[in-house]
Amino acid sequence: MNTLPATNRPTENHATGPAAYDLHGKTVLLTGATQGMGRHLAHALASAGATLLLHGRDGARMAQVASEVRALAPDAPPRTYLADLSDLDQVRALADRLLRAESRLDVLVNNAAVGGGVDPARREVSRQGHELRFAVNHLAPYLLTRRLLPLLTASAPSRVVNVASMGQTPIDFDNAMLEREYEGVRAYCQSKLAMIMATFDLAAEFAGDGITLNVLHPAHLMDTEMVRQSGFTPVAELAEGMRPTLRLIADPAVAGVTGTYFDQFTEAPAQAQAYDPDARARLAALTETLCAVDD
């Protein structure tokens with residue numbers, strides 16, 4: 001894990017926006033771009049000059065966001081990719097389309113997520129039968145990142161930014177799919193811890209390929225549909241989460257930082273299980289089995 005020198009560590013009130021960065025010539029894939037922080041981030045990235053590859057699963061919302069981005073940056077029209085990340089076959093197909101169509105990928109932002117759900121007692125499953133939050137919030141970004149490795153390597157130095165949460169719950173590997181004692185927020189929190197653990201492992205694995213991988217909690221209870229559906233009252237504006245995410249995408253000061261968890265702008269410890277090598281190994285084995293990585 002590379003860390004920022006103490007003199008370069010920004011404080012939590014560090015304010016950055018698109019005007020602070022120049023992303024002209026950079027291609028950024030943003031998942032979950034059609035609503036919430038993703039939509040806000042798409043606007044910021046377009047304003048900073050990035051060529052955007054926008055992912056979503058709703059065609060009408062995708063068309064609306066693409067129109068907004070074109071208005072902000074008419075010289076760099078976005079390209080759109082529809083896929084339902086709860087279906088790992090669609091994740092594979094998405095990666096294959098990107099590999100065929102795109103010549104470079106400077107930044108992958110794994111932002112798409114499923115929250116705790118309207119009914120926290122209702123267990124939902126993915127197309128492959130995996131617990132839904134684990135599938136969308138962990139398996140899908142892991143699989144997409146792995147499948148896009150050739151493009152990220154060819155575009156190096158490149159970055160992967162994973163959007164997690166300060167809400168983290170240890171994984172019970174005897175009940176990882178929460179077939180017993182299911183609760184939606186618990187499912188969400190363990191999926192986000194899984195994302196953090198995988199980020200650390202992939203950062204070490206890809207270190208020699210010129211790819212950095214970092215993960216962050218963008219802001220506490222942002223004003224999103226996902227937060228409200230999970231039964232929480234929003235307390236933060238979308239811009240509050242957008243700014244630290246944009247920084248990890250674009251700031252030259254973090255170009256060499258990898259394998260790090262940030263609470264907004266500040267390096268912070270994740271939940272203790274994230275640093276347990278046995279737990280990380282068990283998660284890696286489970287993830288590869290569920291994703292069928294080597295298919």
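Predicted model: local features only at pLDDT ≥ 70, side-chain atom pairs only at ≥ 80, totals over all residues.
## The whole chain

The protein has 295 residues, and 55% of them are buried. Its secondary structure comes to nine helices and eight strands. Take the contacts between residues at least 6 apart in sequence: 74% of these join residues at least 24 apart.

## Helix α2, end to end

Helix α2 covers residues 59–72, which makes 14 residues.

At the N-terminal end, the cap on α2 comes from Asp-58. One of its side-chain oxygens is 3.1 Å from the backbone nitrogen of Ala-60.

Which residues of α2 are buried? They are Met-62, Val-65, Ala-66, Glu-68 and Val-69. Looking down the axis of α2, you'd find these buried residues within an arc of 160°, so they line one face of the helix.

Now for what sits over them: the cover on the buried residues of α2 includes α1 (36–47), β2 (51–56) and β3 (79–82). On the face turned away from that buried side, α2 carries the exposed residues Ala-60 and Ala-71.

## The strands on either side

β2 and β3 also pair with each other: they run parallel, joined by four bridges. Within this part of the model, His-55 stands opposite Tyr-81 of β3.

How values were computed: Residues numbered from 1 in each chain as written. Heavy atoms only, no water. Helix = DSSP H or I, 4+ residues; strand = E, 2+ residues; numbered from the N terminus. Expected span 1.5 Å × (residues − 1). Buried < 20%, exposed > 50% of the residue type's maximum accessible area, 1.4 Å probe, protein only. Arc of directions from axis to C-beta. Contact = heavy atoms within 4.5 Å. Polar contact = N/O pair within 3.5 Å; in protein donor to acceptor, adjacent residues only side chain to side chain. Pairing = 2+ DSSP bridges.
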